[in-house]
Every structure is written in structure tokens, then in C-alpha cells.
Amino acid sequence: MWRDLAPIGRDASSRGYRRYAWTGADADCRAWFKAQSDARGLTYELDRNGNQWAWLGDPAAGDAVVTGSHLDSVPDGGAFDGPLGVVSSFAALDELRARDAKLGKPLAIVNFGDEEGARFGLACVGSRLTAGRLTVEAAHKLTDGDGVTLPRAMEAAGYDPYGIGPDPERLARIGAFVELHVEQGRALDLSGDPVGIASAIWPHGRWRFDFRGEANHAGTTRLVDRRDPMLSYAETVLAARREAELAGAVATFGKISVEPNGVNAIPSLVRGWLDSRAADQSTLDTVVTGIEKAAREYAERNGIDLEVVRESFTPVVEFEDALRDELGSILGARAERPLPVLGTGAGHDAGILSGSIPTAMLFVRNPTGVSHSPAEFAAEDDCVAGVTALADVLEGLACR
């Protein structure tokens, strides 16, 4: 499965993945998912929001145990973020069949669409729509960097954008959702454990900072006469790092747009996107407030107009104690020591769904901690340990 999936959407120059929502690479990933479902004789469903489901047992029976993740990527992302969870889900089902496990509940594998938000700027679109965390009106306003709207992109890919929306009936069928994911950090590497259990997802959001100045000639305009928004932006980037360090949080300006974007032109507009995350809401508020305060001071000093827009936000997610403890009990019974329980600063579909259904997560060790990069990696033995752990969890939840 890993070999079949690996070439899809991989860029020859960067060796990273460009699997963006409603593109050809996305279509190929979806075809791969359906082929895996069909090969196992599962019942395949495509829901109203473009999420894919593969069912073992009656989908309408209720109290289903569901696992899975996503197949899309960030720009030049790694091979494991998302796909490891989907591949491991099919492999875990194969393991359950090899054990001749007697499932007492329906089991499903899901591929949630547009989790990374690489094309339209909003993460977890598929799960947000399903859980009613994104309105149809707001979804229809999403636009990519080329000005293509989400409805237009869906139509071009052969899907109906006017059927999207909350899907409470589908969620009502699910008794538990467990997502396996490569760890996006080094906690397991430092503890020496191949697999861990998630405790919580940090609150996180994305903010757009628009610095507006005055375009002018780079060679003839005196420094004192310039209204250069790049200066205010650069100072704000440094302020973000400073505020994050002081608070024990993280803050990153990872995307920038410049107009008119000429080497010999002073910019008229510098637009930067801030991603910030912290262990709790109060700390995150302190960091973002500090960054915005500094940005406004720099802008005023340089004669720059500033607009700050919060484009997305996800509050802290505490995974359900009972389900998390049950995972610990199931896996602890076969382990030499209790599995570590760790928080994460990365967002996931499981976090979005946690407000609607019981959710939990398993992490597989990442020896370098590198993620959202072609260098992202997990050792084969650890991936196998993840599959075994996921199979044990699914058996424990679905066979009782």
C-alpha cells in the first residue's frame, strides 16, 4: 500500500508532496482509497462533504468504531502526515481479519478531505463541514491563491458543492473515532517509545497581517521618504519569536505575499500569515495580543496602515478521558510499561470531531521530530508497532 501511494502528488524537484484539495493528485489519492476498499470487499461511501468511507458491517447499525485520517498534504509536505493513518487503518483491518476477530460493531475507515488547508487556507474543511463547525456560506467563500472558489474547484473535480453541510445523521452512527498519526515532534523519540496516546491538542489559529505602505522606486527614493511595509513586517516576525519564547508557546510567520513583488520596487503591500499555538487559551491570547501590539507600534512608526484578521481558530481539545483511558488499558495489557500520554500543538480531524463524538489519537514515533517537510520520517518497525497498536484498540473497542 505504501509503495502504491508514495508516487502520487510527489514533486520531482523538492521530493515533497503537493496533494491539494480537488486537484488531480487529490483525485488519484481518492481512487487509491476506493481501490483499497473494493479490494477488501468493504462498503464504500462518499459523503456530502467529499469524505470517503469504507465500511465493514452495516453502516446504519450505529455505535460504529471508526479510524482513519487524511491523504492531502501541505506544500512540499512529507509522506507520513495523514497517509500513515489511512494506510495503517487498512493494515489494522487486515490484521484483525488474520486474527479472525469477531467484531460486534460496525468498523469504518475514513479519509477526510482537505485536512491541511493548503489550497483554501482553512484546515480540516471536510471534518469541519461534517461536524457543523464550518457553515456552507463560509465554505462557499473560500478561495485559493488563483482566485478559484471552493464550489468551482469541487465542480471541476466532479463533485456537488451545493450539497455540502452538517451531517449529524452520519456522526450519530459513530460510537468512537480513533486517529493514528505520525508524531509531529520528538516526545516519543526522547522517551524511547514507538507509540503514544494523545492527551490534548493545543489551541491554535491563523491570523493575516496586512501591512500597507506606498510603492516607489527602490533606487531613487530616499530612505527618509519611504513608507516601506516590509520593515514593519520584518520587525513583527522578530516580535513573534520573542513573544513566543517569553510565553513558552510557538508563533510562526510561514507565508508571505508581496505587491508589486519587484526587485527594484518598494512594496505597497506585505501580507503575512501568522500561525500561533500554546498549551492553553490564556497563553495563546497573550502571545497573539503581544504580537499585534508590537506590529501596530512598528506600523505607526513607519507610516504604515495595518489590518489584522483572524482567519481560523480552534480552541483547546481535551480528548475524552474515558476513551483515552480505555486505549491505555487495552494497550497497557500487552506492553511492558504504560504508554506515554502526550499533548500536541498540531491540529487534526479528531480534534474537530471531539465536540460531536468520542475521539482519541495514537502517535507513532518520529525520530527527528521533522514534519510538514520532505524529511518527515518514521521507521518501518515503529509503523508496524503503530498498526499492531491500532488493531489492538479496534479489537478492544469493536469486539466487546
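**View 1. Helix α2 and the glycine that comes after it.** Just past α2, G41 has a positive phi of about 70°. Helices here are DSSP runs of H or I with at least four residues, strands are runs of E with at least two, and both are numbered from the N terminus. This is a predicted model, so local features need pLDDT of at least 70 and side-chain atom pairs count only at pLDDT 80 or more, while totals for chains, interfaces and linings use all residues. Residues are numbered from 1 along each chain as its sequence is written, and side-chain values use heavy atoms, with hydrogens and water left out. The 16 residues of α2 should span 22 Å at 1.5 Å a residue, and the end C-alpha atoms agree, sitting 22 Å apart; the expected span is 1.5 Å times one less than the number of residues.

**View 2. The buried side of α2.** Tucked away in α2 are A25, D26, C29, R30, W32, F33, Q36 and S37. Down the axis of α2, these buried residues fall within an arc of 155°, so they line one face of the helix. (Buried is under 20% relative accessible area, exposed is over 50%, partly exposed is in between, with a 1.4 Å probe and protein chains only; the arc is that of the directions from the helix axis to the C-beta atoms.) They pack against α1 (2-5), β1 (43-46), β2 (52-56), α3 and β4 (107-112), where contact means heavy atoms within 4.5 Å.

**View 3. A closer look at R30.** R30 sits in α2 and, at 6% relative accessibility, counts as buried. Setting aside neighbours within four places in sequence, R30 touches W22, L46, G50, Q52, N111, G113 and Y159.

**View 4. Helix α2 beside helix α3.** Helix α2 (residues 24-39) packs on helix α3 (residues 83-99) at an angle of about 10°, with the axes 11 Å apart. That makes the two helices, α2 and α3, roughly parallel. (Axes are lines fitted to C-alpha atoms, for helices over the stretch in contact, with angles from 0 to 180 degrees between N-to-C directions; under 35 degrees is roughly parallel, over 145 roughly antiparallel, 65 to 115 roughly perpendicular, the rest oblique.) From α2, W32, F33, Q36 and S37 meet V86, V87 and F90 of α3.

**View 5. Helix α9, end to end.** With 19 residues (229-247), α9 reaches 27 Å from first C-alpha to last, close to the 27 Å expected at 1.5 Å a residue. D228 caps the N-terminal end, where a side-chain oxygen lies 2.9 Å from the backbone nitrogen of M230. After α9 comes G248, with a positive phi near 70°.

View 6. Buried in α9 are P229, S232, Y233, T236, A239, A240, E243 and A244.

View 7. T236 is buried, with a relative accessible area of 0%. Beyond its neighbours within four places in sequence, T236 contacts F209, F211, F253, I291, A295 and Y298.

**View 8. The loop between β9 and β10.** P260 belongs to the loop between β9 and β10 (265-266), and the peptide bond from E259 to P260 is cis, with omega near 5°. N261 also lies in the loop between β9 and β10; N261 is not a glycine, yet has a positive phi of about 65°. N261 is exposed, with a relative accessible area of 61%.

Note on methods. A polar contact is a pair of N or O atoms within 3.5 Å; within protein, one must be able to donate a hydrogen and the other to accept it, and residues adjacent in sequence count only if both atoms are side-chain atoms.
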